[in-house]
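Trainee: Could we go through this model together, step by step, with the coordinates open beside us?

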Amino acid sequence: MAETCSRKLVVEICNAKNLMPKDGQGTASAYVIVDFDGQRRRTKTKFRDLNPQWDETLEFLVQDPESMASEILEINVYNDKKTGKRTTFLGKVKIAGSTFAKAGSEDLVYYPLEKRSVFSQIKGEIGLKISYVDEDVPPEPEKAAAEEKKPDEAAVAPSEQKTDDAAAAPAATEEKAPEKEEEKKADESNKEAADQKPAEPPKDEKAEEAPAAAASPPAEVENPPVAHTEKAIQTKETTETEKRPDLGVSDLELRSLAGDRSRRAYDLVDRMPFLYVRVVKAKGANSEAESTVYAKLVIGTHSVRTKSKSDKDWDQVFAFDKEGLNCTSLEVSVWVEKKDGENCTETSIGAVSFDLQEVPKRVPPDSPLAPQWYTLEDSSENSPGTDIMLAVWIGTQADEAFQEAWQSDSGGLIPETRAKVYLSPKLWYLRLTVIQSQDLQLGSGPEAKAKGPELYVKAQLGAQVFKTARTSIGSSNPTWNEDLLFVAAEPFEQFLVMTVEDVTSGQPVGHAKVHVPSLDRRTDDRTESKSRWFNLVGDEKRPYAGRIHVRACLEGGYHVLDEAAHVTSDVRASAKQLAKPPIGLLEVGIRGAINLLPVKSKDGTRGTTDAYVVAKYGPKWVRTRTILDRFNPRWNEQYTWDVYDPCTVLTIGVFDNARYKQDEAGKPGRDIRMGKIRVRLSTLDTNRVYTNSYSLTVLLPGGSKRMGEIEIAVRFSCSSWLNLIQAYASPMLPRMHYVRPLGPAQQDILRHTAMRIVTARLARSEPALGQEVVQYMLDSDTHVWSMRRSKANWFRVLGWLSRAATLARWLDGIRTWVHPPTTILMHVFLVAVILCPHLVLPTVFMYAFFIIVLRFRYRRRVLLSMDTRLSYAEAISADELDEEFDSFPTIKSIDQVRQRYDRLRILAGRAQTLLGDVAAQGERLEALFNWRDPRATGLFVVFCLVASLVFYTVPFRAFVLGWGFYYLRHPRFRGDMPSVPFNFFRRLPSLSDQIL
């Protein structure tokens with residue numbers, strides 16, 4: 001097999017950092033064992049080094065290149081037992097085959113070392129470069145001759161079968177080598193390990209004659225395996241049937257895809273019977289050259305038609321909701337449509353009828369029903385006979401044809417009402433470091449000579465424009481050393497344009513272009529991309545205007561935030577090399593809506609609603625079909641998402657479809673929001689179905705309005721509790737967000753830029769997901785000032801502080817002897833704490849344990865939706881609400897803006913006073929140590945001296961006991977005036993009197 005293999009996997013073990021010392025002397029002697037596809041390789045041992053540097057290349061033979069994506073590369077780091085008592089484990093890394101890069105495009109990636117068990121003490125990371133090389137191996141002459149003799153060998157193949165089994169037995173025995181033998185080989189020196197060769201199974205002459213079962217020894221490599229085993233070789237017929245294309249999908253992702261197929265069971269929604277009609281084509285009708293033919297389906301008052309085509313080949317599927325049918329027969333007719341100028345005439349050439357009681361039922365996984373030819377009954381005597389090919393059956397939404405069918409409750413042939421799945425574009429951060437420029441050809445006018453040039457660099461990527469700071473210099477070689485960050489979406493914009501501009505003259509000096517798809521991609525901050533010089537191009541008179549020195553790269557170690565931080569649904573890094581396997585599966589069943597309110601009028605006579613649902617989690621958006629003119633629509637559609645982090649949020653919104661109709665100018669309408677809900681996955685129990693109805697409330701300029709209810713079913717499945725628990729200990733965002741963090745203002749700008757890119761991309765889909773829909777789902781207006789949100793956040797802070805105030809009132813009640821038995825009990829507790837201080841922390845944690853466990857039975861078992869009281873949406877004035885819906889910049893009158901500005905000044909004045917009081921307390925404490933008030937500081941110095949002498953003589957336990965009894969003294973021993981320390985602190989000076 002190795003002779004016919006055309007792919008080789010190359011693993012370069014570069015180095016490791018911050019390893020856990022395991023040799024008992026504060027160091028470690030590390031070596032690496034790499035396993036792939038039944039093959040094992042070993043590196044040399046780096047003695048007494050917690051940051052070893054190997055720089056060794058290990059090569060593996062890929063047995064089946066097309067199934068490489070499903071293989072797992074396992075890397076284990078051990079401490080050599082020659083330097084310690086025994087071989088100890090230092091960490092492991094498992095990498096899916098779908099992340100392997102082709103030779104030439106690999107990067108140095110540092111993988112954190114993982115634990116082997118929960119109790120393992122592991123730290124550090126290992127740097128790897130992984131790639132594969134495809135090689136064209138010519139067929140050997142012996143193999144070609146063997147293939148020519150295949151017909152002759154087929155006659156003796158039965159007699160050689162026993163021989164093949166006998167030859168395979170030693171190989172199987174070798175694969176099951178005991179672990180002791182493997183450890184014995186691992187104990188050998190590095191030189192002996194390098195010279196070691198894999199043991200070959202005993203050969204059999206007859207076994208060598210069978211080319212399908214003969215296994216040749218692997219080619220000799222630079223780092224031979226420690227314990228080399230080969231997989232059993234299958235026959236050519238078996239490999240051909242089991243081969244699958246290399247789509248870059250890992251085994252875990254394939255399992256999730258298989259689970260996605262299993263969702264056709266639709267166990268979270270109700271089964272809905274549908275009448276399916278597949279209209280394939282017609283024959284026999286002689287239509288004229290300028291005419292088109294279409295088929296028309298009629299069931300009572302329900303009528304839909306196929307597309308008009310001249311070749312009579314439609315191949316379309318229609319689905320009728322069986323519960324909404326008002327007739328027991330289906331009529332399929334064929335019509336000829338002829339246009340004569342502005343006039344259009346339609347003529348029926350025949351029809352065929354079906355009794356719905358006799359239509360067969362189909363339940364997957366039954367094969368699809370085969371279409372049949374049916375002869376149409378002519379509507380006129382002169383028309384020739386016509387046949388139509390179609391299939392009619394009754395199924396559910398689990399039928400394969402449901403996704404491609406045109407539903408009758410969605411209006412038939414209306415693309416804007418169909419169910420669709422959208423994917424957000426993959427986003428990257430593009431970092432441009434502007435270093436310097438040289439040989440700038442500045443203007444020679446009198447202004448340039450009289451005044452030194454003031455230069456800056458403007459960089460533009462698509463609609464994004466950022467500028468560096470201005471530099472005033474006397475020469476033509478300015479230096480900036482500034483970083484500019486852009487958001488780039490795949491497929492990337494072609495060029496990043498850099499322009500050097502002179503502020504004094506107002507004219508550009510020159511520009512240069514950087515090809516974005518060719519930029520380096522890095523996954524961490526350890527590798528710096530190479531800087532480059534670009535020639536600046538001026539106008540026609542100056543083809544060379546100087547050159548600029550920049551460094552540009554695509555940052556794959558960040559996650560590009562494209563939604564509000566508090567409702568994020570994806571935290572994965574942009575680089576594919578940093579991808580982790582999913583930890584679970586999220587299934588959502590969108591069942592239906594109840595009592596929706598009309599949002600528009602139909603024919604000017606009555607209200608109507610054409611509702612659909614959009615669900616968003618991670619980069620995947622799903623949109624249900626639009627059910628026209630119903631206030632209680634039933635979708636009963638089920639979707640799945642892979643879950644990579646449990647602390648993420650699923651967003652579901654309901655909208656009224658207005659895009660399938662166009663206005664007089666031919667522009668589609670804007671979809672109307674009807675409310676949304678959010679589900680935080682961390683609040684869900686695993687493998688449990690939550691089926692509830694949630695209120696839909698939308699905030700309108702006239703106030704909050706309840707638009708109805710939506711019924712959904714949610715299930716979060718997780719196969720491994722260990723992976724789920726480890727997710728809570730891992731950082732929320734990728735590593736680059738912590739080692740090279742972005743500023744809050746910069747991150748906010750990049751977030752809104754990413755939102756605009758996602759909105760523009762989804763609006764270009766077909767059918768389009770409207771801009772108003774995407775912005776509502778992403779909460780793109782959370783940064784805009786709102787009096788309602790400010791009050792809601794203020795009361796949230798008060799709600800949190802109220803618990804501290806409750807605790808303070810409880811302590812004050814104990815201190816003032818409101819309940820004497822409780823105060824006496826606290827005296828006893830104080831004495832117990834003084835006598836047994838080592839029991840304080842165990843008692844506190846045990847008390848917390850019992851309190852939290854007792855509250856488990858009172859936990860919420862129903863998912864929470866939007867809270868109008870918490871959002872402060874019910875107690876808000878009309879003017880404050882009108883201000884929230886005002887555009888930016890404002891379009892209101894001057895009087896309204898003046899009134900709102902005065903109101904904002906009043907609130908800002910209160911906040912200003914509060915900030916001043918907080919600052920004064922800190923300044924008083926600082927003045928105590930700076931001798932601003934000499935008498936007060938002198939008194940404090942004397943107090944410190946006396947206190948030090950007292951504490952030298954009085955035990956600390958006695959002091960705490962005395963202070964506790966004094967604090968809990970009876971009210972008859974208390975005064976009504978503030979205490980001495982409080983009065984002393986209030987008299988200390990602050991800096992408030994120095995403010996103008």
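Mentor: What follows is a set of questions and answers on a predicted model, taken up by sheet, hairpin, helix pair and core.

Trainee: Which strands are the edge strands of the open sheet of four strands?

Mentor: The strands of this open sheet pair in the antiparallel sense and follow the order β35-β30-β39-β38. Neighbouring strands in the sheet are turned by 30° against each other on average, with direction ignored. The strands that pair on one side only are β35 (634-643) and β38 (689-700).

Trainee: Which residue in β39 stands opposite Y694?

Mentor: Strand β39 covers residues 703-717 and runs antiparallel to β38, to which it is joined by 12 bridges. Within β39, the residue that stands opposite Y694 is I710.

Trainee: Is strand β25 mostly covered or mostly open, and how many of its eight residues are buried?

Mentor: Strand β25, residues 495-502, is paired with β21 (residues 454-461) over six antiparallel bridges, and Q460 stands opposite V497 of β25. It is also paired with β26 (residues 507-515), here over eight antiparallel bridges. Taking buried to be under 20% relative accessible area, β25 is mostly covered, and the number of its residues that are buried is six.

Trainee: Which residue in the turn between β25 and β26 has a positive phi?

Mentor: The two strands form a hairpin with four residues between them, and in the paired part V500 has G510 of β26 as its bridge partner. In the turn, a positive phi of about 75° belongs to G506.

Trainee: At what angle do helices α11 and α12 pack?

Mentor: Helix α11 spans residues 744-763 and helix α12 spans residues 771-778, with their axes 9 Å apart. The residues M755, V758, T759 and L762 of α11 meet Q771, V774, Q775 and L778 of α12, and the residues of this contact divide into five nonpolar, three polar and no charged. The crossing is right-handed, and the packing angle is about 140°.

Trainee: How many residues does the largest nonpolar core have?

Mentor: In soluble globular proteins, nonpolar side chains tend to be buried together. In this model, the residues with the most contacts inside the largest nonpolar core are L586, W621, W641, L650, I652 and I710. Leaving aside neighbours within four places in sequence, I652 is in contact with residues including V588, V613, I677, I710, I712 and M777. A second, separate core of 34 residues includes Y31, M68, F89 and I95, whereas the residue count of the largest is 63.

Technical notes: Residues are numbered from 1 along each chain as its sequence is written. This is a predicted model: local features need pLDDT of at least 70, side-chain atom pairs count only at pLDDT 80 or more; totals for chains, interfaces and linings use all residues. Side-chain values use heavy atoms; hydrogens and water are left out. Two strands pair if DSSP finds at least two bridges between them. Axes are lines fitted to C-alpha atoms, for helices over the stretch in contact, and angles run from 0 to 180 degrees between N-to-C directions. Buried means under 20% relative accessible area, exposed over 50%, partly exposed in between (1.4 Å probe, protein chains only). A crossing is left-handed if the near helix is turned anticlockwise from the far one by less than a right angle, and right-handed if clockwise. Contact means heavy atoms within 4.5 Å. Ala, Val, Leu, Ile, Met, Phe, Trp, Tyr, Cys and Pro count as nonpolar, Asp, Glu, Lys and Arg as charged, and the others, Gly among them, as polar. A nonpolar core is a set of buried Ala, Val, Leu, Ile, Met, Phe, Trp, Tyr and Cys residues joined through side-chain atoms within 4.5 Å.
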